[in-house]
Amino acid sequence: MANSSFRLLMSGTFWTVGAFAISQALRFLQSVVLARILSPDIFGLLTIVGSLNTGIQLMSDVGIGKSIVYHKEANDPDFYRTAWTIQAIRSVVLWLVALAIAIPASVFYGFPILMAVIPLTAFSFILIGFSSISVHLLQKRLQFAKLNIFNTLNSFIGTVSAVGLAVFTPTIWAPVFSGLIASSAYLIGSYFLISDVRVRFQISKHHASQLSQFGRWIFLSSFVFFLSTNYDRLFMAGTVPLQLLGVYGIARNISELLSSLFQSLGNGVVFPFIASNSDLPRSDFRNRLAKVRGRFLLLAALGLSIFVASADLAVMLLYDQRYHAAAWMLPVLMIGTWFSILANTNEATLLGLGKASYTATSNTLKFLVLLVGLPLGIKAFGLMGGVFVVVVSELFRYLPMVYGLKRERFSFVRQDLLLTMSAFLMIVVLNYLRWESGFGTSFDTLPIFNR
């Protein structure tokens with residue numbers, strides 16, 4: 001493979017990691033500030049609303065963005081106008097679905113305010129749905145710098161509006177309207193990204209057929225992805241107090257920071273890079289990619305081990321007493337984050353090879369573990385049991401990816417095993433050094449040790 005291709009891969013990784021770091025720093029700052037201003041029950045409501053809206057969105061995802069990145073004809077106006085038309089129509093349908101479930105959801109969970117909050121937050125579907133297709137074309141064209149600058153600016157707008165509105169009105173309406181402001185900024189800004197892209201309503205039967213063929217596996221994988229990533233929140237909403245659900249939601253969001261980075265790298269860099277080089281000799285391609293992959297995953301293992309060994313201290317320092325239960329949740333959830341990182345990386349690789357079916361299989365397996373394990377875990381050990389089941393489910397999500405890559409002669413199983421051993425060894429060593437220094441371990445606050 002030409003060195004220029006790998007220079008492009010490294011450039012894309014640099015821009016994606018930099019933009020992600022800034023965006024997540026803003027997100028974390030927003031979380032800390034809003035936790036000081038808003039009460040935990042508001043975060044509990046937002047956890048319910050966010051999970052429902054994510055479900056509406058993912059349970060009808062036909063993979064428009066991924067199809068544009070994958071297909072060779074994506075730069076053809078007939079293709080991307082067809083994709084934009086389907087995207088726009090789908091967004092209106094999604095909002096109507098949100099309107100339809102608002103009243104039943106408010107009755108089921110017993111919170112009348114959801115009747116107004118769900119439709120308002122879901123209006124972002126329309127704002128994003130009518131945005132330009134240019135964002136996906138930038139991915140297709142591997143223009144990482146412009147894409148990540150745009151995403152970072154949008155994150156900044158969202159954080160500033162959320163904090164500003166919370167100071168003005170410390171209620172649930174602050175995050176609700178800040179989300180609409182950020183979506184509006186995304187809509188407007190997307191039309192200034194690529195000057196030669198002009199969208200309008202148009203349907204080409206040929207291109208619609210191409211989109212549906214690739215999108216059917218995306219649809220299925222997105223459906224089970226929602227179930228596997230949000231079932232824990234929705235199930236716990238009916239079994240734990242609203243305030244504790246809000247604390248769990250914060251801990252879950254923080255624990256996903258590192259895995260979200262690799263999801264961004266996977267979807268934004270690895271997937272389009274592999275898709276654009278899929279005609280190269282597979283064995284040579286895999287060996288060259290393994291070197292870059294190993295370095296970044298080793299850095300991830302180091303970062304994760306540091307996070308696990310210090311997460312409880314960070315919670316105690318940055319959050320007030322109402323949120324201190326997150327101190328025992330975070331280190332445990334971060335263990336599952338490691339398997340999520342591996343799964344996200346392997347998923348992007350399989351998508352780049354045009355194999356989306358393994359994603360559906362892995363998310364289905366994860367959901368089945370949650371479906372069976374959460375009731376049993378919570379019944380036996382309370383919320384702690386549920387948290388441990390969430391961690392185990394991430395391991396089961398990873399396993400089908402290993403099988404899929406092995407079948408495609410693109411396996412990294414030996415590298416993953418060595419990196420996993422390294423990550424857990426670093427966690428043990430850092431906790432031992434912390435214990436020797438008189439600060440205990442990051443797992444001392446687990447409820448099982450304080451009964």
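In the predicted model of the protein, confidence is lowest in helix α12 (residues 257–276), with a mean pLDDT of 66, and highest in helix α17 (residues 413–436), at 92; pLDDT is the predictor's confidence in each residue, from 0 to 100. The average for the protein is 81, and 86% of the residues score at least 70. Because the model is predicted, local features need a pLDDT of at least 70 and side-chain atom pairs count only at 80 or more, whereas totals for chains, interfaces and linings use all residues. Residues are numbered from 1 along each chain as its sequence is written, and side-chain values use heavy atoms, with hydrogens and water left out. Helices are DSSP runs (H or I, at least four residues) numbered from the N terminus.

Helix α14 (residues 326–352) packs with α17 at an angle of about 155 degrees, their axes lying 11 Å apart. This makes α14 roughly antiparallel to α17 (angles over 145 degrees). In the contact (heavy atoms within 4.5 Å), Ile335, Trp338, Phe339, Leu342 and Asn346 of α14 meet Asp416, Leu419, Thr420, Ala423, Phe424 and Ile427 of α17. These residues divide into 8 nonpolar, 2 polar and 1 charged.

Across the whole structure, 10 aromatic pairs are found (ring centres within 6.5 Å, with the six-membered ring used for Trp). The ring centres of Trp95 and Phe123 are 5.7 Å apart and their planes stand at 80 degrees, so this pair is edge-to-face (planes over 60 degrees apart). Trp95 belongs to helix α4 (residues 77–109) and Phe123 to the loop between α5 (114–122) and α6 (124–129); the pair therefore ties together parts 28 residues apart in sequence.

Key
Helix = DSSP H or I, 4+ residues; strand = E, 2+ residues; numbered from the N terminus. Axes fitted to C-alpha atoms, helices over the stretch in contact; angles between N-to-C directions. Parallel < 35°, antiparallel > 145°, perpendicular 65-115°, else oblique. Nonpolar A, V, L, I, M, F, W, Y, C, P; charged D, E, K, R; others polar. Phe/Tyr/Trp six-rings, centres within 6.5 Å; stacked < 30°, edge-to-face > 60°.
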